[in-house]
Amino acid sequence: MTLSEVFWDRHIPLPKLSPLQAKVCVGVVALLCFINSYDGEFVFDDSEAIVNNKDLRPTTPVSNLWRNDFWGSNLSSNSSHKSYRPLTVLTFRLNYLLVGGLHPVGFHVMNILLHVVISALMIDMFAILTGGLSYDETGRIQNLAPKTSLLAAFFFAAHPIHTESVAGIVGRADLLCGLFFQLSFLSYCRAFNKGSDRDDSFSVRWIVASLLLCAVAMICKEQGITVLGVNAAFDVLLICNVNFYELSQRLLLRKKTFSIRDFFQTGLPRRLALMVLGGLSMLYARWKIMGTGPPAFTEVDNPASFAENIFFRMVNYNYYYCLNAWLLVCPWWLCFDWSMGCVPLITSAVDWRMLWLVLLWCFLIGLIIQAFCSQDMQKRRYFYSSCTLHIRNVLHSDVCSFYLLVFVYDLWLLVRTLTLALVLLVVPFLPASNIFFRVGFVVAERVLYLSSAGYCLLVAYSVGQCCTRWAKYRKLLCVSMMALLCVCVVRCALRSHQWRSEKTLFTSALSVCPLNAKVHYNVGKNLADRGNSTAAIVYYREAVRLHPTYVHAMNNLGNILKERNALGEAEDLLSKAVSIQTDFAAAWMNLGIVQNSLQKFEAAERSYWNAIRYRKKYPDCYYNLGRLYADQNRHVDALNAWRNATMLKPDHSLAWNNMVILLDNTGNLGQAEAIGREALRIVPNDHTIMFSLANVLGKLQKYKESEGFFLSALKINPNAASCHGNLAVLYHRWGKLELAKKHYELSLKLDPEAPGTRDNYNMLLRKLDQLKRP
């Protein structure tokens, strides 16, 4: 054994593979875990970030990506969440271009491949954090802990907490951030390669490269900046081998003098200065891009942050940390959303959940004391530091000293690995901790993608220690380790299957968070979208019961009740929704529709104008306002409202069609023809407009053109009974009686109860009968 070896590594029950073999094996495990999500649908947040995000479309200038947030909203907007991730959106746009549209397979495949690459690269990162930084003659990083790093990478590749980031397409942000996080760390390590150009003891070029990669990680997701903290800890603990116990004795107790010269000779202050300057520059740029204002979150997003009592606010934050830690340890109960009552707030000091806080901090403090503050270990570690320059003399002169040195080195490896694993666990989680700023969620599995690497390293470290200390149980430990890995793979496969569709994803959350109103809302919305409005009502009602101020659930429930003609209850629900959230434009519009159906015309008009006041560009509301005016025979106002709708949304076919029909009904056939032709230039394949224009042209006795539009409409929608019936009337007037008979019969076959068609058909038959008589 040499001092460069990690003493527990050889006891881990895994084969020693070459670097390429290890990466391939880890990649295969990562692929097995998530391959069944490759043909999943767009689910949950994918709708806003991808399906409805105009920044993905080729018609949108690429420059918009650098001005808009992750969801396609302008960063200066008050409603923006300020999530600035242009590089991630750029990869979505690339997916869109490569597959020629919104086909989810390409998006999912890229996510899976990214996770495979990240899992394979984790071997290099774990090797450095465990075995230290060492280069061979060719400049390659040597893996001094091949089994430990391989085991940790296996656990990382198969950790179920990653399902949201891999199987959910919007998780691309976490994956890209994780990839550039790794590259930034590995670039920082390259700064200490003896074969590189150096400034004293390190290469400034590689430090700058690491900072640039950190900036790239940050524009993939904000969490990327935390790599600077990991790099700094790596430098202090591994490169400079700073002795915290001894340093504290010198600075606080003044037992020894502190040499500034020795401190500066390490080059650490210059490297830290570079990282601090780079980090502050990134934060300043991010602050300016964000519009120098934080995102506005509501109490629903993060209820603990709105608690008036500071003590209970901190208690609930710490309880959230416990939940995150539990998800890392036992990722069986996973949920796409943990808000809205999923995690009830702790409001009493005697709440039994306070026990979890005590256990968490006892465990963490114990690890920190073991890693940083143990006087016995720190003295041995310091002894090792002072002796490393004389290893060869010690080895040749005194066998006992050799074994003592090996023992001290082993202790140092334990301390260093434990400390760096804790750093990798805690530092990437800090942006989600509510310590520096309020975040917009309670618990989010996606934010643990990077932190799970620290946890996986701790697990591999623990396995190595167990195999070393309890060698006689090595087979049992081996079986347990493989069983745990297999369970993780199976859990990943099951969970990624649940992410394949919104139906399975939302339903799976009911057993995990039955008190979460958003879960019930999403289940109800999915059922309504699939036409099962009866079941949707049950879930919407439960969502409102669990969260009485849930305005979106009230709005959707009110819509279904409106369609079922339960207008009174629908009006009550929508009125309550707009009283809770006065700027809820969609609820105002839906309230106007209900009030119009109840013939409360003045109230309906006020509701429509309120909707337009809160959403200036609201074509659907102008359309419904036009219908209100048409019901009141205010024809000019109706036409103006529909014209506004088409100006805001040129392809608003309903507004165009209603204008043509209204002008037709009021005898303005020339104007109706002009509007219809204008509409078809903008929406050339709309069969309803073709039908309405054909009716107008028939009344103008332009039979040939009218026939052409009827036939074009039937080509698009051949089963339209009304179109066959009106074409039959055209032929009837035109004198093409056999064709008229044919289309009357087709219309009656499709709709035997079509009004007027039976009478017209009988009239035609009598005429044909008369013509046959001599």
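1. A nonpolar core, as used here, is a set of buried Ala, Val, Leu, Ile, Met, Phe, Trp, Tyr and Cys residues joined through side-chain atoms within 4.5 Å. Buried means under 20% relative accessible area, exposed over 50%, and partly exposed in between (1.4 Å probe, protein chains only). The largest such core holds 216 residues. Phe126, Phe185 and Phe336 have the most contacts inside it. Helix α4 (residues 104-131) gives this core its largest share, 11 residues. Another core lies apart from it, with 11 residues, including Phe42, Leu56, Phe107 and Val170.

2. Basis of the note. This is a predicted model: local features need pLDDT of at least 70 and side-chain atom pairs count only at pLDDT 80 or more, while totals for chains, interfaces and linings use all residues. Residues are numbered from 1 along each chain as its sequence is written, and side-chain values use heavy atoms, with hydrogens and water left out. Helices (H or I, at least four residues) and strands (E, at least two) are DSSP runs, numbered from the N terminus.

3. Confidence. pLDDT is the predictor's confidence in each residue, from 0 to 100. The chain has a mean pLDDT of 86, and 89% of its residues reach 70 or more. Residues 375-397 have pLDDT below 50; this stretch has 36 contacts in the model beyond near neighbours in sequence. Contact means heavy atoms within 4.5 Å. Residues 402-409 are also below 50, with 19 contacts beyond near neighbours in sequence. Where pLDDT is low, the predicted coordinates should not be read in detail.

4. Phe185. What does Phe185 touch, not counting residues up to four places away in sequence? Its partners are Met125, Ile128, Leu129, Val227, Val230, Asn231 and Phe234.

5. Helix α24. This helix has 14 residues (567-580), which at 1.5 Å a residue should span 20 Å; its end C-alpha atoms are 20 Å apart, in agreement. The expected span is 1.5 Å times one less than the number of residues. Leu567, Ala570, Glu571, Leu573, Leu574, Ala577 and Val578 are buried in α24. They cover an arc of only 165° around the axis, so they sit on the same side of α24. That arc is taken from the directions from the helix axis to the C-beta atoms. Cover for the buried residues includes α23 (551-563) and α25 (585-597). The face turned away from the buried side carries the exposed residues Asp572 and Ser579.

6. Positive phi. Phe44 is not a glycine, yet its phi is positive, about 50°. Phe44 lies in the loop between α1 (19-34) and α2 (46-51). Its relative accessibility is 17%, so Phe44 counts as buried. Asn565 also is not a glycine; its phi is positive, near 70°. Asn565 is in the loop between α23 and α24. Is Asn565 buried or exposed? At 59% relative accessibility, Asn565 counts as exposed.

7. Asn526. This residue belongs to helix α21 (residues 517-529). Asn526 is buried, at 9% relative accessible area. Glu502, Lys503 and Phe506 touch Asn526, not counting residues up to four places away in sequence.

8. Salt bridges across the chain. The structure holds 21 of them. A salt bridge is a side-chain nitrogen of Lys or Arg within 4 Å of a carboxyl oxygen of Asp or Glu. Glu222 and Arg85 form one, at 3.2 Å, N to O. They are 137 residues apart: Glu222 is in the loop between α8 (204-220) and α9 (227-239), Arg85 in the loop between α2 and α3 (86-99). Arg85 is buried, at 14%. Lys518 and Asp337 form another, at 3.5 Å, N to O. Here 181 residues separate Lys518, in helix α21, from Asp337, in the loop between α13 (310-329) and α14 (354-373). Lys518 is partly exposed, at 21%, and Asp337 is buried, at 11%.

9. Lys704 and Glu707 meet in a salt bridge at 3.7 Å, N to O. They are 3 residues apart in helix α32 (residues 703-716), so about one helical turn separates them. Lys704 is exposed, at 61%, whereas Glu707 is buried, at 11%. Glu673, Arg677, Lys702 and Glu705 are linked in a network of salt bridges.
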